[in-house]
Amino acid sequence: MKPHFSQLSEHLYVHHGHVNTGILCDRDHALLIDPSGTTFQTTLAELGITNAERMLFTHHHRDNAPGFPIAENVHVGVPAKEAPWFAEVETFWNDPQYRWHLYNYHPHNLMLADAIRVADTYTEGAQITWGSAVLTVLETPGHTDGSVTYLIDVDGKRFAFTGDLIYDEGKLWELYSLQKGQQTSDYHGFLGARDELKESLEKVRQASPTALIPTHGVVMNDPDKAIDTLLDRLAYCYDKYVSISALRHYFPQLFAEFEGHPGHMPIREGKPPPEFLRHFGTTWIIISENDEAFVMDCGSPNIIKQIQQLQADGEVSEVTQFWVTHYHDDHVNAIPEFQETFPCETIADSVVAAVITNPIGFRLPCISPSVTRVDRITQDGDSWQWNEFTMTAYYFPGQTYYHGGLLVEGYGIRMFFAGDSFTMAGIDDYCSGNRNLLGADVGYEKCLRLIQELKPTHIFNCHVDSAFDFTDDEIACMLDTLAEREKCYTALFPWDHANYGMDEHWVRCYPYEQEVAPGGTAQLRVEVTNHSYEPRTATAQPILPASWGMETAPSETTLPPRTTGGFDFSIPIPVGVFLLGYFPRLPNSCTASGRVVIPVDITYNGRPLGQFREAIFVLTGG
Ligand SMILES: [Zn+2]
Ligand SMILES: [Zn+2]
C-alpha cells in the first residue's frame, strides 16, 4: 500500500492524499502547499507539527483546497491572478454569465464553494523565505489561467510544486481544463491551452528542479523525460484531433500548418440542397407539395419572421411539425416564441428532450435557459410519415451527447439532418464539455456506424448551406482515427479509459440546480458513468453547509462495465437556516433567498477525488 507521506529532503515532505500536499517544516511549524481534505492532518501529527501557519495554493480549484474553514491565524497565499477566485467566489456562483450561454471558460469549473480569506498574493518572481528554505514563484498558466509553480530551494536541492501542469511522465490529470480559444471562443478551443501549458513546462524545466511534485499525480524525479514525453503525446493527440476536425471547414486558417499531414482527411466540396428545402440561420425547413412546413430548430426570433415571410409569399401554408436537433442555445433560444406563433407538434429525441424541457437541471456548454415544450419524445429508430416524406428519428451523440439525428426519405433521396454533428471536413468535437465519448457504440463511433448503415445521399448541418456526403473511405478514415484516439488519449491520462480525462461530466449531479424551500426535502441524484471495460465501485457524499447541523451519509454502488448508474439522496432543508437569514455559503443578506453550493465528494474505485462536482440549491420563500 502507498505510504501516507514521503520525505523529499530533511525539511520537505509530501502527504499523498487525494492530492499531494507539500509540507515544509521548521521545527514544529509548517508551510503547506495545496492542503486539501483532512487526511494530511495525520501526517502533520506524525511529523510533530503543531502549527501549520502558512498555506499556499498553486491554483484555485476546489479539489486542491481544504474544503473546511481555515483558522484565523493561518496565513494564506495564492496566485495574484486567481485571488478573486479564492476570496470572492460569490461572483462566480451568482453571475448568470457563468451559468447560461457558456462559451467562455475563463475561469473553467471546480470553483471553491466557500471563499477563503487571502493574506498574500504572488506574481512572477516573488520570493518567500521560510525557515531554511527559499520559495520562488513562477507563473505557469495552462491548467488554469493563473496557476503558479512554487520552486523550493531547501537542503541543497530544488523542488518544483507544479500544480496540475503535469500528472506523471507523459500524463495529464484531465484535458477539459485546457479547453481555451486562442483566435476563437473557448468553446471552439479543444486543447487550446496546449501552447500555454508547453511554455509553462519549459519555464519549469529551465529552473532545473531535481523533482516535480504535481497536485494530482506522482513525484517525478526525471523532469526532462516527464515533460518531453508529455509534449510528444500532446502533439500526437492534437494531430489526431485536427486530422478529421469539422472546424477545418469553419476556420481553415487555424489549421494551415497541418495541411497535407499524413492521415488527415481531405475536404471535398458540398453539393446543392434539393429545391424543397430552405435554410435560415441554424434552421432547415422542408416544404411539402401541399405547402406545409416541417421546421428544425429555432435559435432566433428572426427565423420566425422568415417563416412568416414564406407564408406571406404563398410558399408555406402552415407549420405542422417541429424537430429539435439538440439543446445548444443557437438552436433553441427562440423556441418558446416559435411555439406560440406556430402551434404545431414538437418532436425530439428522449436524451435531447431531457435537457430542453428542464435546462435548469444541467450545466453544459452553450446551454439556454429557454424551456421547450416537447409533445412527442422519440426513441432510436422511431419512424413516421409526414406528407410525402418518411421520417426516422435517431439518438445521435455527435456534436454533443444530448443530440438527435433525423433521416428524411422522399423523391428517391435519403437526407440525414445531422444537427451540428458533421461538416465536409469531419466531426464537430471541438468542445470537451459536449461529452464526445470515445469507444465502440458511443459518441461519433455510433454516429458513423449509423451513417455507414443508412447511406444518406445528402447530409445536412444546421450551420452549413451545402449538402454533403461521405464516401466509404472517408467513413473508414474517421473510424480508424477515432480508434487510434481511444488509444493515444488513454495513454495521456492516469485512467484506464480516455473518456475519464475527456468527459467532463462523467460524474454529474441531477438536477444541477433546483429550488428548495426551508422545511422541504431536496432530491439529488449523483450520476456516474463507468467508462471502463470492467466493473467499478463509486462512493458519493453531498457536503452540506456546516450550519445546517447535519451530514449526508456516503453511499456506495457498483457499476457494470460501460454503464451509467447513480445515487439518490433525499436532503431535508432545515427551517432554521432560513429564519436565521444567514447563509454560510454565499451569504445574500439583502434578499430572502440565496444560492447554496453543495459540493459532492466522490471516491471512484478506491481513489478519493475530493469535492469533484457540485449541485446548486436555490433557497426560496418556503
Ligand atoms: Zn486543478
Ligand atoms: Zn450545436
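The model is predicted, so local features need pLDDT of at least 70, side-chain atom pairs count only at pLDDT 80 or more, and totals for chains, interfaces and linings use all residues. Residues are numbered from 1 along each chain as its sequence is written, while chains are lettered from A and ligands numbered from 1 in the order in which they are written.

**A helix pair**

Helices (H or I, at least four residues) and strands (E, at least two) are DSSP runs numbered from the N terminus. Two packed helices are described by the angle between their axes and the distance between the axes. Here, helix α5 (residues 223-242) packs on helix α12 (residues 472-492) at about 155°, and their axes are 10 Å apart. That angle makes α5 roughly antiparallel to α12. Angles under 35 degrees count as roughly parallel, over 145 as roughly antiparallel, 65 to 115 as roughly perpendicular and the rest as oblique. Axes are lines fitted to C-alpha atoms, for helices over the stretch in contact, and angles run from 0 to 180 degrees between N-to-C directions.

From α5, the residues R233, Y236, C237 and K240 make the contact, and α12 brings T481, E484, R485, C488, Y489, A491 and L492. Contact requires C-beta atoms, placed from the backbone, to lie within 7 Å. By type, the residues of this contact are six nonpolar, one polar and four charged. Ala, Val, Leu, Ile, Met, Phe, Trp, Tyr, Cys and Pro count as nonpolar, Asp, Glu, Lys and Arg as charged, and the others, Gly among them, as polar.

**Strands and sheets**

Let us turn to the strands. Two of them pair if DSSP finds at least two bridges between them.

| Strands | Sense | Bridges |
|---|---|---|
| β5 (residues 51-56) and β6 | parallel | three bridges |
| β6 and β7 (residues 120-122) | parallel | three bridges |
| β10 (residues 148-154) and β11 | antiparallel | five bridges |
| β28 (residues 521-529) and β31 | antiparallel | nine bridges |

Strand β6 (residues 75-79) is mostly covered, with four of its five residues buried. A residue is buried if 20 or more other C-beta atoms lie within 10 Å of its own, exposed if 12 or fewer, and partly exposed in between. H75 in β6 stands opposite R54, and V78 has T121 of β7 as its bridge partner.

An open sheet of five strands runs in the order β8-β9-β10-β11-β12, with mixed pairing. β8 (127-130) and β12 (211-214) stand at the edges with a single partner strand each, so one side of each has no neighbour in the sheet. From one strand to the next, the twist averages 25°.

A522 finds its bridge partner in I571 of β31.

**A loop residue**

D168 sits in the loop between β11 (157-163) and α4 (194-206). With 19 other C-beta atoms within 10 Å, D168 is partly exposed. Leaving aside its neighbours within four places in sequence, D168 is in contact with G217, V218, M220, A226 and P494. The C-alpha atoms of D168 and T184 are separated by 30 Å, and these residues are 16 residues apart along the chain.

Technical notes: Two residues are in contact if their C-beta atoms, placed from the backbone, lie within 7 Å.
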